[in-house]
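Hi everyone, thanks for coming.

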Amino acid sequence: MSNNLWPSFENIPDIKTPKSVLLEQAMYLENASKNLLKVQIATGSRAASGKETIVYRFNIIAPFLGNYSFSLLTLEHDIFLYPLLITCQLLNRSYNIQTEKDFFEILKTIFNDQKTIDTINNLLSQSKAASQESGKT
Amino acid sequence: MKIGLWNLNKNKGVLEKAVLFAKEQDIDFLILLECILDPAEILLQLNSERSAYYYYKPYVSDFFQIFIKFSTDLLVDIRDEGKISVKQFLSPLGRKINFVIVHLPSKLYYDEADQDAFSNEVKKVIDEIENQTNCFDTVVLGDFNMNPFQRGMIQTTGFHSTFDKKTAKENFRIVQGKEYKYFYNPMWSFFGELGRGKVHGTFFYKSPKPICYFWNIFDQVLFRPTLLDSIFAEETLEIVTRIGDFELVKGNQIIDKKISDHLPIQFELNNI
């Protein structure tokens with residue numbers, strides 16, 4: 001009789017983690033901004049009310065503005081990926097998300113909110129001006 | 001440099017008082033929280049007699065408005081995260097100072113445990129920007145919505161602020177093998193009948209619940225100990241109760257909410 005009491009873990013489910021979704025969206029924004037903006041997905045943990053969660057922060061960085069950064073949203077979940085909590089500090093809204101489909105919908109809502117668009121456009125304009133001043137375009 | 005901070009409680013009718021506060025006190029760096037006034041109108045009034053102030057337009061954060069008497073080139077946006085905004089002041093004398101402006105969650109929405117937990121988020125931002133900028137001369141100011149004695153203000157994983165300058169000047173202490181830097185919190189000195197100033201807080205709230213402090217010091221300023229000897233002029237720290245001929249605190253010790261439910265604070269920094 002085998003001493004290994006564990007079941008088989010060979011069939012690891014092929015799922016897209018929320019972090020990998022954020023990384024993918026980060027890449028899209030960097031490309032769209034022609035690299036005037038960078039995105040950092042910062043990872044941390046939070047312990048509150050006897051519960052530990054993993055926290056990801058979507059930080060948009062403007063290298064031509066002295067690496068100024070602002071946090072567009074935070075995402076947190078426990079060892080299970082769902083439900084997850086998204087807090088968008090820019091829009092002052094929080095979302096409890098139960099499924100991957102809803103997660104995509106909410107990200108789209110946040111990214112397409114006029115305040116988000118205006119904020120990113122503002123950073124892009126100033127970054128572009130700063131990059132031209134420094135002759136690095 | 002004289003710094004003034006006032007939470008205007010989204011009052012549209014406070015323009016005249018806010019402008020008079022800045023002019024009368026000769027404020028160089030004016031921070032207005034919960035300000036819904038048009039910045040152009042404020043600027044116009046601030047500069048009505050002579051051109052003195054600039055409006056500092058932030059990249060992102062809009063939970064406050066800043067008006068300064070020095071060149072806007074001397075103030076640089078470093079980071080915004082919700083209602084935490086970090087600017088760096090580049091002194092013409094060569095010194096750099098981080099200003100962390102905060103408006104932390106209200107007790108209406110966060111209980112004390114939530115506020116204490118949230119203070120850890122602010123601490124992380126402060127640690128990160130100090131390391132990022134390699135500048136550890138930091139001033140944190142704003143509406144903390146906590147009293148100086150609340151755990152979030154005290155605990156190592158929060159602001160880790162102390163009222164004892166001597167302790168703060170030890171720079172840090174080690175707890176469970178980990179180093180935690182101090183802030184000095186001068187606001188404690190306003191508590192009590194023998195405390196400084198004419199009032200015991202910046203916010204008055206009379207609650208029918210068993211625990212009630214009446215006077216609360218929610219509007220605070222904290223300093224890293226490196227700023228204590230030659231920069232922060234502690235004797236200038238004041239909770240302002242009068243603007244021109246107008247008393248912000250009525251005879252029965254209650255803040256006149258027709259202006260704002262908060263009192264302004266002001267202080268000076270030397271040698272910068």
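**A helix and what sits under it**

Let's start in chain A, where the buried residues of helix H3(A) pack against strand E2 (51-62). By buried I mean that 20 or more other C-beta atoms lie within 10 Å of the residue's own; exposed means 12 or fewer, partly exposed is in between, and the C-beta atoms are placed from the backbone. Contact means C-beta atoms, again placed from the backbone, within 7 Å. Helices (H or I, at least four residues) and strands (E, at least two) are DSSP runs, numbered from the N terminus.

Quick housekeeping: this is a predicted model, so local features need pLDDT of at least 70 and side-chain atom pairs count only at pLDDT 80 or more, while totals for chains, interfaces and linings use all residues. Residues are numbered from 1 along each chain as its sequence is written, and chains are lettered from A and ligands numbered from 1 in the order in which they are written.

Back to H3(A). Which residues of this helix are buried? They're Thr119(A), Ile120(A), Leu123(A) and Ser127(A). Looking down the axis of H3(A), they fall within an arc of 90°, so they line one face of the helix; that arc is taken from the directions from the helix axis to the C-beta atoms. The face turned away carries exposed residues, among them Gln114(A), Asp118(A) and Glu133(A). After H3(A) comes Gly135(A), with a positive phi near 65°.

Most residues other than glycine have a negative phi, and most peptide bonds are trans. Now look at Lys34(A): not a glycine, yet its phi is positive, about 55°. You'll find Lys34(A) in the loop between helix H1 (18-32) and strand E1 (38-48) of chain A, and it counts as exposed because it has 12 C-beta neighbours inside 10 Å. Over in chain B, His160(B) also has a positive phi, about 50°, but His160(B) is buried, with 22 other C-beta atoms within 10 Å.

And the peptide bond from Tyr82(A) to Pro83(A) is cis, omega near 0°. Pro83(A) is in the loop between E3 and strand E4 (84-88) of chain A.

**Where the chains meet**

How many residues does each chain bring to the contact? Chain A brings 12 residues and chain B brings 10 residues. On the chain B side, strand E5 (residues 75-81) gives the most, with 6 residues. One detail to spot: Phe70(A) stands opposite Asp80(B) in E5(B).

Methods: Two residues are in contact if their C-beta atoms, placed from the backbone, lie within 7 Å. Two strands pair if DSSP finds at least two bridges between them.
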